[in-house]
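Hello,

Here is the structure I promised to pass on. Please open it first, then read my notes below.

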Amino acid sequence: MKIHEYQGKQLLAAAGVTVPRGIVARTPDEAAAAFSELGGEIAVMKSQIHAGGRGKGRFKEQPDQPGVILVRSADEARENAERMIGNTLVTIQTGEAGKTVNVLFVEQGLNIARELYLGIVVDRESGGPVVIASSEGGMSIEEVAAESPEKIFRESLDISTGLQPSQVRNLADKLGLDGQAAQSATTFLPKLCQFFVDNDCSMTEINPLVVTDEGELTPLDAKVSFDDNALFRHENFAELRDLSEEDESEVRAADAGLSYVNLDGNIGCLVNGAGLAMSTMDLIKLHGGEPANFLDVGGGADVQAVTEAFRIILADPNVKAVLVNIFGGIMKCDTIVEALLGAYEKVGFSVPLVVRLEGTNVEVARAMLAESDRDITTATDLTDAAEKVVATLGA
Amino acid sequence: MSILVDKDTRVICQGITGRAGLFHSQKCREYARDECGREQPVFLGGVTPGKGGTDVDGFPVLNTVAEAVETIGANTSMVFVPPRFCADAIIEAADAGIKLIVAITEGVPVLDMVRAKAHVDRTGSRLVGPNCPGVITPGVAKIGIMPGYIHTNGTVGLISRSGTLTYEAAWQMGRVGLGQSTCVGIGGDPIIGTNFIDLIELFQNDPDTEAILMIGEIGGNAEEQAAEYIEQNVTKPVAAFIAGRTAPPGKRMGHAGAIISGGKGTAAEKVAALESAGIEVAQSPADMGEAMQRAIARQD
């Protein structure tokens, strides 16, 4: 689960991490008032969307307006806010469709001496979180890793003991921090690590992490995301969720316990298992078709959840044919067929359907299909299924 | 011989009183009885805290794993408990001296697994999973949720990050006459117990395994590391498949592990690494069984 920068900073502040003063604005008037209240000569107004590259991004409706801008007066804040709020910001990460900006975060200007990078993620290799730091702040860390890997420094985080003082000294030394900045690191880094663990984060990325003229480490940006599997431990996070940032069908699927990703093609896919679902997409493409979605019904889905899966697929106007590919293990083939036949009654099928079944209870399921008088094409294996579903679209 | 599972395997299910736990314990028991012709029971019973002393469908239920080890001689556990209790169940099994812990549970918090994995590594137990289909040695024992009938006894070692794709691979191999020595689903999560390289090493050293099929997917760099390991250490023929060639970057495809981020972990990179290590790569998911055949033929 992703949250906005301002929400991340509020959580960081609550965890005792010093963040710049900032105020949320939802209207141009609020933006102007925020500037006055901050009381400085300069403020930064930042579009709040769940995507990076905001500074270089531009609005569809206002091609000259950047997604992040420095302002020097309340009037300037209002004028810029008018060009930002309600408009669509397109950045390198949003794709062409862009994202609507509903909220601006107005933040005090800082006297920046240096910009660094700091990220905490779970590292598969070491089997735990790792702190990644770089002297190259403000750039994408992937870019730094590709171009100058010697500028990236790592320390493993033991989640039961926290980041050790020696690890902080190592990082501070490599980042070239001294005096007050090195001192600031001794509180900032362990607190950030504790924040990561306490909140079950999947990522905490501070880019840039600035060193102010006064030698304080301060997060200028904050990208925080949480482990979806651990949300049950953090009931308060529910209110941080911004549904307007998420695809409607994907939210609906998630509510039904399904894993769904909307794509651009016209062949709807219903598969069990993530690996098989990805492979089914690959196979459709190999045979000249385009998948309309990734959909993994999972192992524990019941008839109701599978029916919802059919509803979601058929609600996509781009879908011109549907491929069902099930290899039952924990999922039983007859559950799928029961939902499938039910979907004809409850949802209505107007597009061709190709079904390939194998695995747990497959004989029962095949008999159910054979007994029904629905116009369903059956397939014996993956290639057969892909060829048949692509053929239904005609050439 | 085979890996992980042999004739001395004695299994219990943690979470046997749950719906899925019981259903699959029954299926595993049936498999041992009907497909393996085993005289001694392979599947002994289960553990559910607070329900010790009861019985479900002929399976004795115990309160703790330690009790199951002492009283009924369990050395292997299939973990079916809900996600929030899974790490605790794994740690309990390791502390009780269970040698092989197979965690089927999907949706375990990542930091829970960080703790559980570190603990298991200290005890010397082996963990497979979580979020995996389990382990099967055809004709010997099935510990997991895979359908038994698709597997035949043979000499190919199968390793996979995906559940249903493992079934697909075993089924395709069956259609071209290739049986399996042992099949292991390692799970699709970022933090897992046993990884590709651990199993490749076991298969390389297993006299009953003559070839290896490895099924990976986008995300992470486990496949690249495995390719390097195979090039340096493996003499047996190896074939591979990578799922997710057409997955768009930045989108998580079901498995927490399956995401292409920052241009890393793409199928193209993985296929290139595997091919440069001399591994036969299936170009389509329908080609896994035949790719294994080609790899074997190439070696002969």
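These notes cover the interface and then the aromatic rings.

Please keep in mind that this is a predicted model.

Start with the interface. The size of an interface is often given as the accessible area lost when the parts come together. Chain B and chain A bury about 4,100 Å² between them. Carbon and sulfur atoms carry 62% of that area. In terms of contacts, 54 residues of chain B touch 49 residues of chain A.

Polar links also join the two chains. There are 13 residue pairs in polar contact between chain B and chain A. The interface also has 3 salt bridges. R175(B) and D381(A) meet in a salt bridge, with N to O at 2.8 Å. Which elements of chain B supply at least two residues each to the side that touches chain A? They are α1 (19-35), α4 (110-123), α5 and β13 (238-243). The most comes from α5(B), with 7 residues.

Now the rings. Over all chains, the count is 7 aromatic pairs. Take F327(A) and W171(B): their ring centres are 6.2 Å apart and their planes stand at 80 degrees, so this pair is edge-to-face. The pair crosses between chains, from strand β17 of chain A to helix α5 of chain B. F327(A) is buried, at 0% relative accessibility. W171(B) is buried too, at 11%. Elsewhere, F310(A), Y344(A) and F349(A) form one aromatic cluster.

K332(A) lies over the face of F23(B), 4.1 Å from the ring centre. The charged end of R29(B) sits over the ring of F59(B), 3.9 Å from its centre.

Best wishes

Definitions and conventions: Residues are numbered from 1 along each chain as its sequence is written. Chains are lettered from A and ligands numbered from 1 in the order in which they are written. This is a predicted model: local features need pLDDT of at least 70, side-chain atom pairs count only at pLDDT 80 or more; totals for chains, interfaces and linings use all residues. Side-chain values use heavy atoms; hydrogens and water are left out. Rings of Phe, Tyr and Trp (its six-membered ring) pair if their centres lie within 6.5 Å; planes under 30 degrees apart count as stacked, over 60 as edge-to-face and the rest as tilted. Helices (H or I, at least four residues) and strands (E, at least two) are DSSP runs, numbered from the N terminus. Buried means under 20% relative accessible area, exposed over 50%, partly exposed in between (1.4 Å probe, protein chains only). A charge sits over a ring if NZ of Lys or CZ of Arg is within 6 Å of the ring centre and within 35 degrees of the ring normal. Contact means heavy atoms within 4.5 Å. Buried area is the accessible area (1.4 Å probe) that two parts lose on being put together, summed over both. A salt bridge is a side-chain nitrogen of Lys or Arg within 4 Å of a carboxyl oxygen of Asp or Glu. A polar contact is a pair of N or O atoms within 3.5 Å; within protein, one must be able to donate a hydrogen and the other to accept it, and residues adjacent in sequence count only if both atoms are side-chain atoms.
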